[in-house]
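Please look over the sequence and the model below before reading on. The report that follows moves from one pair of residues to the chain as a whole, and then to some single residues.

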Amino acid sequence: ESSFAISQPVLYINGSKDCLSLPSFTLAGMNKLCPDLTAKDFDTSHWVPMEAPGPVNSALLEWVEANV
């Protein structure tokens, strides 16, 4: 399993109302494989960037400035 780990910083953006990508299921595996994981939840469904473009862009910019 560790051979599949991602050592680079990873940003995971999720919509809290998304019925296709449940954070409790998705994050459990991601935390194991992405030790430098940042998870951001937004009050949206599956189409997070389309439903919250301003907050998503702000989160992306903040994460890039801190990690790249």
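Are Lys-17 and Asp-43 buried or exposed? Lys-17 is exposed, and Asp-43 is exposed as well, where exposed means over 50% relative accessible area, buried means under 20%, and partly exposed lies in between, with a 1.4 Å probe and protein chains only.

This is a predicted model, in which local features need pLDDT of at least 70, side-chain atom pairs count only at pLDDT 80 or more, and totals for chains, interfaces and linings use all residues. Residues are numbered from 1 along each chain as its sequence is written, and side-chain values use heavy atoms, with hydrogens and water left out.

**Confidence and overall layout**

The predictor's confidence in each residue is given as pLDDT, on a scale from 0 to 100. The chain averages a pLDDT of 90, and 94% of the residues score at least 70. Confidence is highest in helix 3 (residues 53–67), at a mean of 98, and lowest in helix 1 (residues 23–33), at 81.

The chain has 3 helices and 2 strands, and from the N terminus on its elements follow the order β-α-β-α-α. Helices here are DSSP runs of H or I with at least four residues, strands are runs of E with at least two, and both are numbered from the N terminus. Taken along the principal axes, the C-alpha atoms fill a box of roughly 35 × 30 × 10 Å. Of the 68 residues, 26% count as buried. The accessible surface comes to about 4,800 Å², and 61% of that surface belongs to carbon and sulfur atoms; such areas come from the Shrake-Rupley method with a 1.4 Å probe, and for residues only the protein chains shown count as cover.

Contact means heavy atoms within 4.5 Å. Among contacts between residues at least 6 apart in sequence, 68% join residues at least 24 apart.

**Salt bridges and cysteines**

Side chains of opposite charge can pair when their charged atoms come close. A salt bridge is counted when a side-chain nitrogen of Lys or Arg is within 4 Å of a carboxyl oxygen of Asp or Glu, and a search of the whole structure finds 2 of them.

| Salt bridge | N to O distance |
|---|---|
| Lys-17 and Asp-43 | 3.4 Å |
| Lys-40 and Glu-62 | 3.8 Å |

Lys-17 lies in the loop between strand 1 (10–15) and helix 1, and Asp-43 in the loop between strand 2 and helix 2, so this pair ties together parts that are 26 residues apart in sequence. Lys-40 lies in strand 2 and Glu-62 in helix 3, so their pair ties together parts that are 22 residues apart in sequence. Lys-40 is partly exposed, with a relative accessible area of 26%, and Glu-62 also counts as partly exposed, at 49%.

The structure holds 0 disulfides, a disulfide being a pair of cysteine sulfur atoms within 2.5 Å. Cys-19 is exposed, with a relative accessible area of 67%, whereas Cys-34 is buried, with a relative accessible area of 6%.

Thr-44 has its place in the loop between strand 2 (37–42) and helix 2 (48–51). At 3% relative accessibility, Thr-44 counts as buried. Leaving out residues up to four places away in sequence, Thr-44 touches Gly-15, Ser-16, Lys-17, Asp-18, Glu-51 and Ala-52.

His-46 lies in the loop between strand 2 and helix 2, and at 34% relative accessibility it counts as partly exposed. With residues up to four places away in sequence not counted, His-46 touches Asp-18, Leu-20 and Glu-51. The side chains of His-46 and Asp-18 make a polar contact at 2.8 Å; a polar contact is a pair of N or O atoms within 3.5 Å, where within protein one must be able to donate a hydrogen and the other to accept it, and residues adjacent in sequence count only if both atoms are side-chain atoms. The C-alpha atoms of His-46 and Pro-35, although 11 residues apart along the chain, are separated by 25 Å.

**A residue of strand 1**

Ile-13 is found in strand 1 and counts as partly exposed, at 26% relative accessibility. Ile-13 and Leu-60 are 47 residues apart in sequence, and their C-alpha atoms are 9.1 Å apart in space.
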